[in-house]
There are 2 protein chains.
Amino acid sequence: MKLSDIGEREAIRLISQAISTGNVAVGIGDDCAAIDIDDQNYLLVSTDMVSKKAHLPREITPFQMGWFIVAVNLSDIAAKGGEPIGIVLSLGLPKNTSIMFLQRLIEGANRCATKFDTAIIGGDTKENPHITLCGTILGRVKKDEFMPRKGAQPGDIVAVTGTLGKAAAGYYALKHKIQNKEIVKGLLQPIPRIKEGRALAEKKTVSSCMDISDGISASLYQLGELNNVGFEICREKIPISPELIYIQQQTKIDVYNAALHFGGDYELLITMPADHFEKTAKAVENTGNKLTPIGRVTKTKSIKLVSKHIKNILPNQGYEHFRQTQKYDSS
Amino acid sequence: MKLSDIGEREAIRLISQAISTGNVAVGIGDDCAAIDIDDQNYLLVSTDMVSKKAHLPREITPFQMGWFIVAVNLSDIAAKGGEPIGIVLSLGLPKNTSIMFLQRLIEGANRCATKFDTAIIGGDTKENPHITLCGTILGRVKKDEFMPRKGAQPGDIVAVTGTLGKAAAGYYALKHKIQNKEIVKGLLQPIPRIKEGRALAEKKTVSSCMDISDGISASLYQLGELNNVGFEICREKIPISPELIYIQQQTKIDVYNAALHFGGDYELLITMPADHFEKTAKAVENTGNKLTPIGRVTKTKSIKLVSKHIKNILPNQGYEHFRQTQKYDSS
């Protein structure tokens with residue numbers, strides 16, 4: 001049996017069974033581990049590794065690579081309602097990497113960190129046959145503001161921040177050689193939802209939260225399994241990004257397929273009791289973003305995509321590492 | 001200009017100039033970053049990445065790889081006198097990695113973590129063309145017990161925990177096909193000096209400390225430059241490991257060369273005022289290890305190796321990533 005036979009999520013399940021996780025409040029299986037550091041706060045920690053060859057399109061610039069590894073790590077802190085403390089970066093680079101490449105990569109990483117009021121506080125630089133970047137982010141959140149993955153209840157509203165399909169739009173722009181730097185940024189320079197995460201957490205109304213980096217369909221399946229619930233998602237309510245609609249007009253791609261399954265949008269997927277929705281949505285609006293209700297948590301465990309007169313099972317086609325063909329081959 | 005032209009240490013200097021490190025108490029350039037989390041404690045964080053192809057001999061087992069990545073991270077906490085809180089591991093693995101390999105690797109990582117009273121608290125598992133492991137360790141230390149790299153004063157005693165050359169002995173055992181699992185463990189299953197680090201820190205007598213993973217010669221050069229001092233090291237006082245002497249009897253390698261320059265011994269190099277040495281050495285002995293005085297800190301900035309009637313400049317031949325040929329090629 002190989003990793004390609006079981007996929008990333010089963011591999012993580014095997015790992016979590018094999019280790020003694022010590023006395024963490026929340027361990028493997030959530031976006032971050034939460035450590036009880038004092039009476040009021042959790043220390044949050046999460047790590048993400050990216051290999052250029054397996055995970056990044058060849059068009060990505062060194063600046064964007066640096067931005068990307070910081071942004072995807074920050075997204076995990078955002079999903080728990082935390083504020084970042086700092087990030088450490090391990091850079092695995094080939095021996096013949098130019099100094100200019102390193103400088104631009106660090107510039108991108110630093111720009112993303114400072115944009116979200118945090119900093120690169122340490123790191124490691126090591127030889128590697130292929131460009132491999134690993135970030136570990138630290139954050140902090142008040143215990144009563146922590147937003148776990150576990151907690152969704154039947155009847156809860158399901159909502160998502162921002163719009164879906166920005167990353168897919170960037171991907172198809174590159175694929176079809178549509179020159180538009182801003183659209184490509186949706187794929188290569190994602191914006192972690194730190195402000196939105198804080199606004200949600202402060203309201204203390206969210207019953208569960210995760211980021212949707214692997215695609216919202218994969219995220220719904222993960223959240224459903226963990227909480228022993230299902231979802232009914234209204235197709236018409238899904239907030240499709242204007243960038244994806246623009247790309248669709250030129251390429252005839254299926255926008256819903258791209259928005260639901262492609263992944264790479266670092267938005268937050270949340271559940272909460274319906275009567276708290278309005279005030280919570282207002283708090284997110286105050287950050288300059290929006291929170292869109294897209295469906296309900298159901299007792300029935302299936303995940304349905306509802307569209308006027310039709311109910312379909314939403315396929316679980318989000319991205320999963322090891323299982324699928326690589327999204328990009330930038331060798 | 002390439003990374004191979006400037007080496008790892010110059011690359012780290014460039015990086016530290018390019019970033020805004022925020023409000024950490026101790027940042028890039030020490031074994032760990034230290035973050036001011038409350039009145040009494042620093043939160044310690046450090047990250048280490050290892051690529052099988054560039055850094056590990058082909059004979060290493062999956063169990064030992066897991067042990068190794070945890071041990072080298074723990075060593076950075078030990079060097080600051082801290083106690084570990086937990087470690088997160090990012091595993092970059094080829095798609096065709098067997099499940100058994102993953103299980104043995106996790107078993108080794110978990111065994112090392114629990115041996116030193118800590119735990120794997122999170123991680124990431126991602127596809128990578130080559131096996132690449134990245135660990136990030138968290139720890140804690142009382143502010144007045146933190147042992148920085150900066151602080152060595154002329155006149156201070158220089159001392160080292162344990163013995164030198166265990167890793168070199170393991171390397172030469174493999175190279176010369178001397179079947180001895182225990183000796184090979186010195187290279188592939190290093191013991192982080194957590195207990196010794198705590199004992200040293202509690203005495204509050206240490207003026208500077210670092211681990212000697214790149215070899216004690218490289219470490220002395222780094223410590224000298226940072227503190228604007230030099231060292232006079234007595235060749236006869238260097239505690240050569242019995243394993244290295246055993247290997248030397250069969251292979252005629254130069255033990256001093258191996259002990260001073262090979263690297264891979266995760267011992268602690270410290271400086272302290274001479275009048276505190278005795279009680280501090282006793283504290284280390286109580287952990288079951290020893291602390292050996294090997295020389296003095298000097299105002300003169302050169303690093304001399306003193307042997308009866310001769311004083312030589314100690315060459316700076318420790319291992320440096322990017323600059324040297326890979327130690328091992330286990331492709």
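Residues are numbered from 1 along each chain as its sequence is written, while chains are lettered from A and ligands numbered from 1 in the order in which they are written. Since the model is a predicted one, local features need a pLDDT of at least 70 and side-chain atom pairs count only at pLDDT 80 or more, whereas totals for chains, interfaces and linings use all residues. For the complex, the predictor gives an ipTM of 0.91 and a pTM of 0.93.

Chain A is assigned a domain 1 (3–144) and a domain 2 (148–313), the bounds coming from an automatic or database domain assignment. The C-alpha centres of these two domains of chain A lie 22 Å apart. Between them, 23 residues of domain 1 of chain A are in contact with 21 residues of domain 2 of chain A, contact being taken as C-beta atoms, placed from the backbone, that lie within 7 Å. On the domain 1 side, helix H3 (62–78) and strand S3 (83–93) of chain A each supply at least two residues, and the largest share, 10 residues, comes from H3(A). Helices (H or I, at least four residues) and strands (E, at least two) are DSSP runs, numbered from the N terminus. The residues of this domain 1 side divide into 14 nonpolar, 3 polar and 6 charged, where Ala, Val, Leu, Ile, Met, Phe, Trp, Tyr, Cys and Pro count as nonpolar, Asp, Glu, Lys and Arg as charged, and the others, Gly among them, as polar.

At the interface of the two chains, 66 residues of chain B are in contact with 66 residues of chain A. The elements giving two or more residues to the chain B side include helix H1 (3–18), strand S3 (83–93) and helix H4 (99–115) of chain B, and the largest share of that side, 9 residues, comes from H1(B). The chain B side comprises 30 nonpolar, 26 polar and 10 charged residues.

Within chain A, helix H5 (residues 166–175) and helix H6 (residues 181–188) pack at an angle of about 120°, with their axes 6 Å apart. Axes are lines fitted to C-alpha atoms, for helices over the stretch in contact, and angles run from 0 to 180 degrees between N-to-C directions. H5(A) is therefore oblique to H6(A), given that angles under 35 degrees count as roughly parallel, over 145 as roughly antiparallel, 65 to 115 as roughly perpendicular and the rest as oblique. The residues of this contact divide into 9 nonpolar, 2 polar and 2 charged.

In chain B, the axes of helix H3 (residues 62–78) and H4(B) come within 6 Å and cross at roughly 40°, which makes H3(B) oblique to H4(B). Residues of H3(B) in this contact include B:Phe63, B:Trp67 and B:Val70, and among those of H4(B) are B:Phe101, B:Leu105 and B:Cys112. The contact is made up of 13 nonpolar, 3 polar and 3 charged residues.

The axes of helix H7 (residues 194–203) and helix H11 (residues 277–285) of chain B come within 8 Å and cross at roughly 150°, so that H7(B) is roughly antiparallel to H11(B). Here B:Glu196, B:Ala199, B:Leu200, B:Glu202 and B:Lys203 of H7(B) meet B:Lys279, B:Thr280, B:Ala283 and B:Val284 of H11(B), a set that divides into 4 nonpolar, 1 polar and 4 charged residues.
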